[in-house]
Amino acid sequence: MKGKSYTFFIASSASGGMRRVRIPFYVMHALVALVIVGGITVIAAMGSYSRMLWKATNYNSLRRDQDNLKQQYVQLQGQVKDTNQRLSSLQSLAGEVAVAYGFTRYRQNPFALADAQTEPDEQFQQSLDEFSYLERNVSMVSVPDNPLRLLPAAQFTSLGIVPTLWPVAGEITGHFGERLDPFSGEGAFHAGMDIASHYGDVVRATADGVVTIADAGHNGYGRLVVVDHGFGVSTWYGHLSAFKTQVGTHVKAGDVIGLEGNSGRSTGPHVHYEVRIYNTPVNPWRYLKNLNPATTVASNTMPRSTGD
């Protein structure tokens, strides 16, 4: 029996002839199936490619949004940090004025000692410190039963805790407050004052106190010395080239504590000098503006040491 087939007649418009083409039934069905499968495959591929393009576009948009948000977050962090520093400085200034003029009480006694219980050896050393303090300041200080008391501004200055000396005689190259960061070129809050003279010049304590920090472990400061003067007052000396003191040393105003240098985040030899009250930076210029650096113990006429 002859198999079924499809017959197609093809006519030529040029010659007017006609041809007959016979295609078996199963071949025709196979061709139709291939066309259907191919069409579905092409449509599915186009849909998958379209979805991939949409996902890639959406992913790139999310990445851009993420980068923008990161930049905004970093900028906001910097603004918050600067604002907090300015606010702390203003709060400290208000507290300093209130204390100096007798509007409030000191939060520490004259020895800056805690009320917690101490060991016998520590109590003995504490007694010696108290006796030495009273002996040095017997004409200026009277300690009442209650260590919280008002202190006149004149006595506050005469106690020796106010930093009224220049740490080094030189030129002021950076002021306290807002300025352009020399590395990034962006606005930043400068917590101290930069004084530049010569590499290796001696750096002196600006008031009596105890050295609490003398190391290079503070980011940006390089070799740093911190002197605690009591009553919440401390001074910071950064970018030193060498130390001339150690932690725990009792220093007098004018004692050498280090040498001027260029360590840390610095663009040249200078001393980064800070005055802090209860660890909040205040403007050091208020203590130095009426002083001639050449007439203080930190005079540039003194012999200079050689820097490391």
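Hi everyone, let's begin at one residue: F25 sits in helix α1, which covers residues 25-100. Please keep in mind that this is a predicted model.

How accessible is F25? Its relative accessibility is 33%, so F25 counts as partly exposed, because that label covers values between 20% and 50%.

Together with Y6, F8 and I10, F25 makes a nonpolar surface patch of about 340 Å². Which element gives the most to the nonpolar patch? That is strand β1, residues 5-11, with three residues.

Now let's step back to the whole chain. There are 308 residues, and 32% of them count as buried. In secondary structure, you will find four helices and 14 strands. The accessible surface is about 19300 Å², with 57% of that belonging to carbon and sulfur atoms.

What about contacts along the sequence? If we take contacts between residues at least 6 apart, 61% of them join residues at least 24 apart.

You can find V256 in strand β12, residues 256-260. Its relative accessible area is 30%, so V256 is partly exposed. Which residues does V256 touch, leaving aside neighbours within four places in sequence? They are V202, V203, R204 and K244. Take V202 from that list: V256 and V202 are 54 residues apart in sequence, yet their C-alpha atoms are 6.3 Å apart in space.

How values were computed
Residues numbered from 1 in each chain as written. Predicted model: local features only at pLDDT ≥ 70, side-chain atom pairs only at ≥ 80, totals over all residues. Heavy atoms only, no water. Helix = DSSP H or I, 4+ residues; strand = E, 2+ residues; numbered from the N terminus. Buried < 20%, exposed > 50% of the residue type's maximum accessible area, 1.4 Å probe, protein only. Contact = heavy atoms within 4.5 Å. Areas by Shrake-Rupley, 256 points an atom, 1.4 Å probe, with all protein chains shown as cover. Patch = residues over 30% accessible without salt bridge, like charges linked within 9 Å, V, L, I, M, F, W, Y side chains within 5 Å. Salt bridge = Lys/Arg side-chain N within 4 Å of Asp/Glu carboxyl O.
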